[in-house]
Each structure stands twice: as structure tokens, then as C-alpha cells.
Amino acid sequence: MSLVNQISLRTTMSYRVLFVCLGNICRSPAAEIVFNAAIARAGLKGRIKADSCGTASYHTGEKPDRRMLAALERAGYAWGGHRARTFSHRDFAQFDLIIPQDESNKEDILALASREEDAAKVRPMSTWFAPGEREREVPDPYYGGPAGFDAVVQLLERAMERLVAELQEKC
Ligand code: 4NP
């Protein structure tokens, strides 16, 4: 591809980011919502597209968990209508950056990567945790109380600032 074509491809195509958790009803839809708000604030809307999915299919087609939506609402975010879907190996071709929320999600995604360049797109959410962050991954809030959901939103907000700062250089 010529340099001119490469440059026009860069300016016309969005950079695509996929957030992944287990069920796609708690952490990854929250990550997508928090990320979309952060890229809008950074003036990157239109240059970056986000989506989310889960490694397991038991909640496919469902709305996000009502406890997650309540925590997002408490933090000032609105749900955009996302329905849960399952990660597929085809997502490697569709996305530039694939962000598992925990180590187990990461292992499940990497097990489906058949090429080195696919595996290279997978970077856990913890990549953007600040050095002093207590958590090592985004903890699964599903079996806990409301405080766990609020803590996930706050952890995602802190990490998202760092992720968006990195993307600002790239996009
Ligand atoms: P998520 O949370 O992976 O953050 O969407 C979960 C959702 C459902 C289950 C576990 C975690 N579940 O066991 O059904």
C-alpha cells in the first residue's frame, strides 16, 4: 500500500477497541460506557469505536445487570442499549485493541488467537492501572453487594484516563 493510501486509511477508519469480561453484563459494558464518555471528553469521538462482549454465552442477548446500571447511574452515566454477546475469533479481525477485564478473560481470549498478531492485540485492563492501584485486575462484582459495583466503576474511571491518554497519541 502506498504512503498516501495508508494515510487516507488512517484518517477515514476508526480505531476499534473491544472490552471483554465473562458475562458481558457487568464489567465490560461498564468499561465501554466509561470509555465512551472519556473519549468524548478527549475529543476523540468518531475516531475511536468501542464495543464489549463476554467470553461465556450464558447471558447473550441480555441487558447489563441492573446492579451495574444502578452503579453507572450513581456515577452519572447512562446505558446506550447494549445487549450481551459472546467473543468470537472473528473479533480479532474486527478490532485493533482487545481489553480483557481479568486474567481469566485474557487466557480464554488468547486460547482463541491463532496468529501472533491477534495475540498482540490483547492487553488486559490492568495495563492502564496506576502504579499505586491496589487491584491487579478488574474484580468480578457479580456475587457481591452494591459497593463492589461502585468500586468497579471507579477503578475503570481511573484506568480509562490513562488508556485514553495513550490513544490520544495514536488516533
Ligand atoms: P461480568 O460478570 O463478567 O463482569 O459480566 C459476571 C456476569 C455473570 C456471571 C459472572 C460474572 N455469572 O456467573 O453468570
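**Sheet, helices and rings**

Guide: This is a predicted model. Helix 2 lies across strand 1 and strand 2, and its direction makes about 170 degrees with strand 2.

Visitor: And which strands does helix 5 touch on the sheet?

Guide: Helix 5 packs on the sheet through strand 1 and strand 3. The angle between helix 5 and strand 3 is about 135 degrees.

Visitor: What's the strand order in that sheet?

Guide: The order is 2-1-3. It is an open sheet of three strands, with parallel pairing.

Visitor: Which strands sit at the edges?

Guide: Strand 2 (48-54) and strand 3 are the edge strands. Each pairs on one side only. On average, neighbouring strands are turned by 20 degrees against each other, direction ignored.

Visitor: How many bridges join strand 1 to strand 2?

Guide: Seven, and the two strands run parallel. As one example, Leu18 has Asp51 in strand 2 as its bridge partner.

Visitor: Back to helix 5. Which of its residues are buried?

Guide: Asn105, Lys106 and Ile109 are the buried residues of helix 5, which spans residues 103-110. Seen down the helix axis, they fall within an arc of 100 degrees, so they line one face of helix 5.

Visitor: What do those buried residues pack against?

Guide: Four elements: strand 1 (15-21), helix 2 (27-41), helix 4 (91-94) and strand 3 (97-100).

Visitor: What caps the N-terminal end of helix 5?

Guide: Asp102 does. One of its side-chain oxygens lies 3.1 Å from the backbone nitrogen of Ser104.

Visitor: New topic. How many aromatic pairs are there?

Guide: Three aromatic pairs. One of them is Phe87 with Phe92: the ring centres are 5.4 Å apart and the planes stand at 85 degrees, so the pair is edge-to-face.

Visitor: Is Phe87 buried or exposed? And Phe92?

Guide: Phe87 is buried, at 8% relative accessible area. Phe92 is buried too, at 2%. The cut-off for buried is under 20%.

Visitor: Why do Tyr142 and Tyr143 count as an edge-to-face pair?

Guide: Because their planes stand at 90 degrees, with ring centres 4.9 Å apart. Planes over 60 degrees apart count as edge-to-face.

Technical notes
Residues numbered from 1 in each chain as written. Predicted model: local features only at pLDDT ≥ 70, side-chain atom pairs only at ≥ 80, totals over all residues. Heavy atoms only, no water. Buried < 20%, exposed > 50% of the residue type's maximum accessible area, 1.4 Å probe, protein only. Arc of directions from axis to C-beta. Contact = heavy atoms within 4.5 Å. Polar contact = N/O pair within 3.5 Å; in protein donor to acceptor, adjacent residues only side chain to side chain. Pairing = 2+ DSSP bridges. Axes fitted to C-alpha atoms, helices over the stretch in contact; angles between N-to-C directions. Phe/Tyr/Trp six-rings, centres within 6.5 Å; stacked < 30°, edge-to-face > 60°.
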